[in-house]
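Reader: I'm new to this one and would like to learn how to read it. Can you walk me through it?

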Amino acid sequence: QVQLVESGGGLVQPGGSLRLSCAASGSIFSTYARGWYRQAPGKQRELVAAITSGGSTNYADSVKGRFTISRDNAKNTVNLQMNSLKIEDTAVYYCNADVRMADLRRYTYWGQGTQVTVSS
């Protein structure tokens, strides 16, 4: 079992910045990818950004140039730096981990979500 604990959400004005962090714990054998998703009220959950074990990154078009995903392998943490935030970035943000566990099987885990509200 893997636990993902998110932190860093909150209320920010348009144009402001927030940094989300997600710490993973558990018997992870290896990691395929880590990512951040978000879900706004009345909308489907969508990919925001992801980073593979090789360091390749992928971003939603709506956040390119404003958000940056990074990882700290030593701390088993993935971060999402969010700059130039817009009202439409308001959502619950979920951390995701695509991993191989000690049984060598592939699993996907989700964090509990952290609220990001962009409002003046």
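Author: Start with the order of the elements. This is a predicted model, and from the N terminus on its elements run β-β-β-β-β-β-β-β-β-β-β. That comes to zero helices and eleven strands.

Reader: How compact is the protein chain for its 120 residues?

Author: Compare the radius of gyration with what the globule rule gives. Here the radius is 14 Å, close to the 14 Å from the rule for 120 residues, so the chain is as compact as a globular protein of that length. Along the principal axes, the C-alpha atoms fill a box of roughly 50 × 25 × 25 Å.

Reader: What share of the residues counts as buried?

Author: Buried means under 20% relative accessible area. In this chain, 39% of the 120 residues fall in that class.

Reader: Which residues have the most contacts inside the largest nonpolar core?

Author: Those are W36, L80, M82 and Y93, in a core of 30 residues. Several strands supply at least two core residues each, among them strand 1 (2-7), strand 3 (18-26) and strand 8 (77-82). The largest share, six residues, comes from strand 9.

Reader: Let's zoom in on M82. What is M82 in contact with, leaving aside its neighbours within four places in sequence?

Author: The list is G16, S17, L18, L20, R66, F67, Y93 and V116.

Reader: How do I read phi?

Author: Most residues other than glycine have a negative phi. S84, one of the contacts of D89, has a positive value, near 50°. S84 sits in the loop between strand 8 and strand 9 and is partly exposed, with a relative accessible area of 40%.

Reader: Where is N76 found?

Author: N76 is in the loop between strand 7 and strand 8. Its phi is positive too, near 55°. N76 is partly exposed, with a relative accessible area of 26%.

Reader: Last one: how far apart are the mean positions of the positive and negative charges?

Author: They are 3 Å apart, for 13 positive and 8 negative charges.

Notes. Residues are numbered from 1 along each chain as its sequence is written. This is a predicted model: local features need pLDDT of at least 70, side-chain atom pairs count only at pLDDT 80 or more; totals for chains, interfaces and linings use all residues. Side-chain values use heavy atoms; hydrogens and water are left out. A nonpolar core is a set of buried Ala, Val, Leu, Ile, Met, Phe, Trp, Tyr and Cys residues joined through side-chain atoms within 4.5 Å. Buried means under 20% relative accessible area, exposed over 50%, partly exposed in between (1.4 Å probe, protein chains only). Helices (H or I, at least four residues) and strands (E, at least two) are DSSP runs, numbered from the N terminus. Contact means heavy atoms within 4.5 Å. The radius of gyration is taken over C-alpha atoms; the globule rule is 2.2 Å times the number of residues to the power 0.38. Lys and Arg count as positive and Asp and Glu as negative; His and the chain ends are not counted. The place of a charge is taken as NZ of Lys, CZ of Arg, CG of Asp or CD of Glu.
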